[in-house]
Amino acid sequence: MNLVNKISHDELKLKKNEIKKIFMFRVCGTGMGACAGLLQEKGYVVEGADTTFYPPMSTYLESTGIALHQLDELDMDYLRGFDLIVVGNVVPRMSEDARRLEELGVAFTSFPSALGALVLDDVNVVGIAGTHGKTTTTYLMTQVFEKLGHNPGYFIGGVVDGRKSSTLGDGKYFFIESDEYDSAYFEKISKFRSYSIDHLILTSLEFDHADIFNDIEDIKNEFRAMLDSFKGKLIYDNSYKATNELVSEYGKGFKEDFLIAYGEENPKVKSVAKDGTSFSLIWKGGELDFKTNLVGKHNILNLSSVILFALGEGIEYENIKSSITNLKLVRRRQEVRGKYQEAIVIDDFAHHPRAVELTTEGIKNLYPEKKVKIVIEPNSATARSDIFQSEFATALKCADYVVFAKPQRHTSVKGAKDLDGHKILSELEKIGVKGTMQTNLEDLVKEINKIADKDTVLLVLSNGTCLGLWQSDFVEKLINV
């Protein structure tokens, strides 16, 4: 590799006043598109290119007025007119695109480095990290602080109805979804390490992303690299062994009241109904009562981290209490898509066993009178592997029926085999949970036609398209609830 023009996060900080024009190479990814919008809002001239442009990111980019190019029509010499090229993580190490970018003679970097150095370096950054709940918690944090009268900036790695995925705000608070996945083919560190994080919310810490991490220690090492010089508040869910191990290593270095825990025992859920959840939180030895429209254990945990951060910032309890009564979730998080053959259809992004289990429990609590029938497509590299073979069987045991949509790609995790859906269904059948395996869209829809009725909640769990279900005429047949 010829990385002589690769510019680091620290170098970018030193040269940021020299940079005027930035080109986003593979701009249509969720992170890249949101980063492009922030860079433009910061005052940079931004353009971008990609192989395909697809909603919702294409719609967002078009609304910003950022000049967009088709990658196969782009003259690479055109890029020599830019001060910086931001390279998306979808560009492979040994690709022709990588080779041509390296030979241009123009400085290039990853989007996390560009974002951290050019946008976030001089604002108060609150990073929301963890295996589960990052997107939801970032959006909840944004809404709550807006309701509290602030003008926060934010960077949300999901589609949000009625607003952009990112905006600068006034700098007092900037809430950013802080992904542990690596940054670029030339920058194999977690994205969050470049975000200039001042305060950290750690929602969870379990093994994931087996295509880039060997074990949980590899992931913990990424957090260790940040915590070595961390000075701010750390709010963490103490239900996770790996998180507690990190805290035991670094906890003594925190200022008083800067290390705040929540988890299984705190919050305490008092009641759950269709209109929301009543719960309490222990804060400085006292018990504070709250009521929110959200339901599901994982949502209450996520919201608890938001409340604890606000309390730690000195915000009054009564103001926080009134700010959490009418909150929204991002698209594909317990999103009710409509009714199909009188069955309620819910779309959710869950693809890690823990998230699958918590989401299912939340839906069963919300609809106790109905059968919860799951359609699941394990789509990420780790989910498609046999690493979580037994965990998926455990996570699905509270379902009333399971339709396993077989992944269309083999896992890319080295040394792992593909997830065995038939084995999972066999394990479930032993405890009385019936199900089927489907390998194509046509048969999947036929199976849905058999099981969808007025007594059913159809819970579709996938971080992909679920064999193309969400791009098919199935969607057109949904009736609004």
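Across which strands does helix α5 (residues 111-120) lie? Helix α5 lies across β1, β4 and β5, and runs at about 95° to β5. The views below show a predicted model, in which local features need pLDDT of at least 70 and side-chain atom pairs count only at pLDDT 80 or more, while totals for chains, interfaces and linings use all residues. Residues are numbered from 1 along each chain as its sequence is written, and side-chain values use heavy atoms, with hydrogens and water left out.

**View A. Five strands form an open sheet with parallel pairing.** The strand order is β3-β2-β1-β4-β5. Strands (E, at least two residues) and helices (H or I, at least four residues) are DSSP runs, numbered from the N terminus, and two strands pair if DSSP finds at least two bridges between them. Four bridges join strand β2 (residues 45-50) to β3 in the parallel sense. Asp 50 stands opposite Gln 70 in β3.

View B. With a relative accessible area of 0%, Cys 35 is buried (buried means under 20% relative accessible area, exposed over 50%, and partly exposed in between, with a 1.4 Å probe and protein chains only). Leaving aside neighbours within four places in sequence, Cys 35 is in contact with Met 24, Phe 111, Leu 115 and Phe 155, where contact means heavy atoms within 4.5 Å.

**View C. Helix α7 (residues 216-227) crosses helix α8 (residues 241-250) at roughly 35°.** The two axes come within 11 Å. The crossing is right-handed, that is, the near helix is turned clockwise from the far one by less than a right angle. From α7, Ile 216, Glu 217, Lys 220, Phe 223, Arg 224 and Leu 227 meet Ala 242, Glu 245, Leu 246, Glu 249 and Tyr 250 of α8.

**View D. Phe 108 and Phe 186 form an edge-to-face pair.** Rings of Phe, Tyr and Trp (its six-membered ring) pair if their centres lie within 6.5 Å; planes under 30 degrees apart count as stacked, over 60 as edge-to-face and the rest as tilted. By this rule the count comes to 17 aromatic pairs. The ring centres of Phe 108 and Phe 186 are 5.1 Å apart with planes at 75°, so the pair is edge-to-face. Phe 108 belongs to strand β5 and Phe 186 to the loop between β10 (182-184) and β11 (187-190), so the pair ties together parts 78 residues apart in sequence. Both Phe 108 and Phe 186 are buried. Ring pairs also link Phe 145, Tyr 173, Phe 175 and Phe 309 into a cluster.

**View E. Asp 257 has a positive phi in a loop.** The phi value of Asp 257 is near 70°, in a residue other than glycine. The loop runs between α8 and β14 (259-262). Asp 257 is partly exposed, with a relative accessible area of 45%.

How values were computed:
Axes fitted to C-alpha atoms, helices over the stretch in contact; angles between N-to-C directions.
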